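Here is a short report on one protein model. It covers a pocket, then some backbone features.

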Amino acid sequence: MGRLLLIALLVLTGCSAAPEETVSNGPVFSGTVAEGSTVDKIRKRGVLKIGGSQDAPLLSQLDPVSGKLTGFDAELGRLLAQYILGSPKTELVTATSETREPLLDNGTVDVILQTYTITPARKERVAFAGPYYQSGQAIAVKKGTSGIAKPEDLAGKTVIAGANTPSIAAIKEKAPTAKIVEFSSDPECVTALKQGRGDAYVQDQAILVADASKDAELQLVGEPFTVDPYGIGIKHGDEEFTKFVNDWLREIQKTGLWQETWKSSIGTVVRGDAPAPPAITP
């Protein structure tokens with residue numbers, strides 16, 4: 001995923017399909033659905049409820065003009081709705097790192113699509129389909145900052161991180177003497193960094209790339225120093241729905257729709273071809 005650091009200054013043009021075309025070409029499940037299953041409940045409701053973000057550039061961001069969510073995660077959500085319902089009808093429930101699991105537990109949402117890193121601790125409380133994407137922890141600083149080029153340089157520094165994210169453990173492992181300051185959301189973390197409330201911000205590289213593509217004050221340094229697979233969060237114990245979503249992921253990977261979705265979102269600011277999708281865990 002080191003290629004993600006090659007951020008284009010201008011939106012790259014190409015022959016990738018528009019998001020609307022990609023979704024309309026999405027597969028629709030034609031098999032039998034068990035009465036009372038998660039898929040059956042979603043179909044009867046007529047909308048897929050997704051826990052996610054509306055402020056994550058390139059991933060899931062609300063367009064103030066069209067009122068539509070745009071980005072990689074948003075498009076995957078519509079493709080999953082297309083697969084289940086035959087139409088890309090979704091409803092976003094804003095989630096934070098602290099509320100994702102309760103939203104799944106109480107049935108407020110059907111899935112979490114929000115750069116949700118799969119970890120052993122989380123797998124004890126959440127079922128994950130995927131991984132659907134792979135990133136890694138990376139470092140952002142305010143442009144012009146010197147002396148930080150690798151994670152070990154964070155030692156003794158004040159480092160910003162998202163609450164309840166893998167960034168915290170990654171910082172503690174590489175720089176045990178760093179002072180960690182936590183904020184609830186990525187925009188809050190970026191604002192804190194720009195205000196000088198920390199020397200650096202550690203977050204998934206894919207998120208930092210999106211941030212830096214929109215904000216000239218941010219600068220990414222070094223390469224990712226962890227491997228973080230993103231999963232689609234599903235209520236713990238729902239093995240049937242987890243398999244269903246994994247089957248859908250394999251289908252869009254096989255047909256190239258995953259790659260088209262990447263090109264129309266993350267690929268608009270990252271040079272090169274779409275990366276190979278990560279292998280899905282059985």
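## The second largest pocket

The second largest pocket has 28 lining residues. Ser53, Gln114, Thr115, Ser185 and Asp186 lie nearest its centre. A pocket here is an open set of points on a 1 Å grid over the protein atoms alone, where a 1.4 Å probe fits, with protein on both sides within 12 Å along at least five of seven lines. Lining residues have an atom within 4 Å of a point. This is a predicted model: local features need pLDDT of at least 70, side-chain atom pairs count only at pLDDT 80 or more, and totals for chains, interfaces and linings use all residues. Residues are numbered from 1 along each chain as its sequence is written, and side-chain values use heavy atoms, with hydrogens and water left out.

The volume of the second largest pocket is about 430 Å³. That volume is the space filled by probe spheres set on the points, with grid points joined across faces, edges and corners.

## What lines the pocket

Four elements are named as giving two or more residues to this lining: strand E2 (55-56), strand E6 (111-117), helix H7 (186-194) and strand E11 (200-204). E6 gives the largest share, three residues. Helices (H or I, at least four residues) and strands (E, at least two) are DSSP runs, numbered from the N terminus.

By class, the lining has seven nonpolar, 15 polar and six charged residues. Nonpolar means Ala, Val, Leu, Ile, Met, Phe, Trp, Tyr, Cys and Pro; charged means Asp, Glu, Lys and Arg; the others, Gly among them, are polar.

Most residues other than glycine have a negative phi. Thr115, in strand E6, has a positive phi, near 40°. Thr115 counts as buried, because its relative accessibility is 13% (buried is under 20% relative accessible area, exposed over 50%, partly exposed in between, with a 1.4 Å probe and protein chains only).

Leu58 also has a positive phi, near 70°. Leu58 sits in the loop between E2 and strand E3 (60-62). At a relative accessible area of 12%, Leu58 is buried.

## Two prolines

Most peptide bonds are trans. The bond joining Gly130 and Pro131 is cis, with omega about 10°. Pro131 belongs to strand E7 (residues 126-135).

Pro102 lies in helix H4 (residues 100-105). Its relative accessibility is 40%, so Pro102 counts as partly exposed. Pro102 and Val126 are 24 residues apart in sequence, and their C-alpha atoms are 10.0 Å apart in space.
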